[in-house]
Amino acid sequence: MHKITDISMEIDVLDENRRLAEENLELLRSRNIASLDVLGSIGAGKTELIIKIAQKLKERGLRPAAIAGDVTGKDDFERLTQNGIPAVNLNTGKECHLDAHLVKHGLEKLDLDSIDFLFIENVGNLVCPADFPLGTDKRLVLVSVTEGDDMIRKHPFIFLNSDLAALNKVDLLPHLDVDDERLEKDLISIKNDQRLYRISTKTGEGLDELIDALPL
Ligand code: MG
């Protein structure tokens, strides 16, 4: 059971994170950098989505960059940089989410004068990141059809605390016993004005519509 001191410590941590998130957002906006926190489980396709959207932003004359958050390693960081996206790698150690303090240090390593759009790829899960805003314009939650059709109802808080939701790998739907309409109904029951963007990072389906919803 929680002691009162534990609870107040938790509130302090969340308050401090919110304060730093506001500072990050202020800094990014002062440099005219739009920003997106990308959330989703391991394997949902976060890195691939960032790569595909970044390509399309470049075609529009924008300069994307990314912060890659992972518990350990630099696999995503390497994929991003190999695809021509300037990136910073942030390892959280044992923590299962990025926080605004880590992101603040990530921002110090980026050349903010040469960026128009910043992606932050959060650590892969749909639980821990919910309470930790990073200071981005918007948060996008990505789920994929291969995760099953109960992913949204099992993780209501992350959807409540986000602005956009997308369902990836819809090209695989004909091969799976997954009810995509159930995912959509679950999302609407959590946030009744929310749209579930159906996309495929493999075929490119739905990406332009999702980009239209980004804070460009
Ligand atoms: Mg990734």
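Me: Which residue does Asp186 form a salt bridge with, and how far apart are the closest N and O atoms?
Reply: Arg153, at 2.9 Å. A salt bridge here is a side-chain nitrogen of Lys or Arg within 4 Å of a carboxyl oxygen of Asp or Glu. The pair links distant parts of the chain, with Asp186 in helix H7 and Arg153 in helix H5, 33 residues apart. Helices (H or I, at least four residues) and strands (E, at least two) are DSSP runs numbered from the N terminus.

Me: What kind of model is this, and how are residues numbered?
Reply: It is a predicted model: local features need pLDDT of at least 70, side-chain atom pairs count only at pLDDT 80 or more, and totals for chains, interfaces and linings use all residues. Residues are numbered from 1 along each chain as its sequence is written, and side-chain values use heavy atoms, with hydrogens and water left out.

Me: Back to that pair. Is Asp186 buried or exposed?
Reply: Asp186 counts as buried, at 6% relative accessibility. Arg153 is partly exposed at 46%. Buried means under 20% relative accessible area, exposed over 50%, and partly exposed in between (1.4 Å probe, protein chains only).

Me: How many salt bridges does the structure hold?
Reply: It holds 20. One of them joins the side chains of Asp137 and Arg29, at 2.8 Å from N to O. Asp137 lies in the loop between E4 and E5 and Arg29 in helix H1 (residues 4-30), so this pair ties together parts 108 residues apart in sequence. Arg29 is partly exposed, at 49%.

Me: Which residues form a network of salt bridges?
Reply: Glu16, Arg19, Glu23 and Lys104 are linked that way.

Me: New topic. What coordinates the magnesium ion?
Reply: Thr47 (OG1), Asp76 (OD) and Glu121 (OE) do, at 2.1 to 2.4 Å. Asp76 lies in helix H3 (residues 75-82) and Glu121 in strand E4 (residues 117-121), so the two tie together parts 45 residues apart in sequence. Donors are N, O and S atoms within 2.8 Å of the metal (3.2 Å for Na, K and Ca); water is not among the atoms, so sites may look incomplete.

Me: Are Asp76 and Glu121 buried or exposed?
Reply: Asp76 counts as buried at 13% relative accessibility. Glu121 counts as buried too, at 3%.

Me: Which residues touch the most other members of the largest nonpolar core?
Reply: Leu36, Leu49, Ile53, Leu80, Phe119, Ile199 and Leu210, out of 28 residues. H2 gives the most to this core, with 6 residues. A nonpolar core is a set of buried Ala, Val, Leu, Ile, Met, Phe, Trp, Tyr and Cys residues joined through side-chain atoms within 4.5 Å.

Me: What does Ile53 touch?
Reply: Phe119, Leu210, Ile211 and Leu214, not counting residues up to four places away in sequence. A contact means heavy atoms within 4.5 Å. A second, separate core has 18 residues, among them Leu126 and Ile158.

Me: Zoom out. How many helices and strands are there?
Reply: The protein has 8 helices and 7 strands. Buried residues make up 50% of its 216 residues. Its C-alpha atoms fill a box of roughly 50 × 50 × 35 Å along the principal axes.

Me: What share of contacts joins residues at least 24 apart?
Reply: The share is 74%, among contacts between residues at least 6 apart in sequence.
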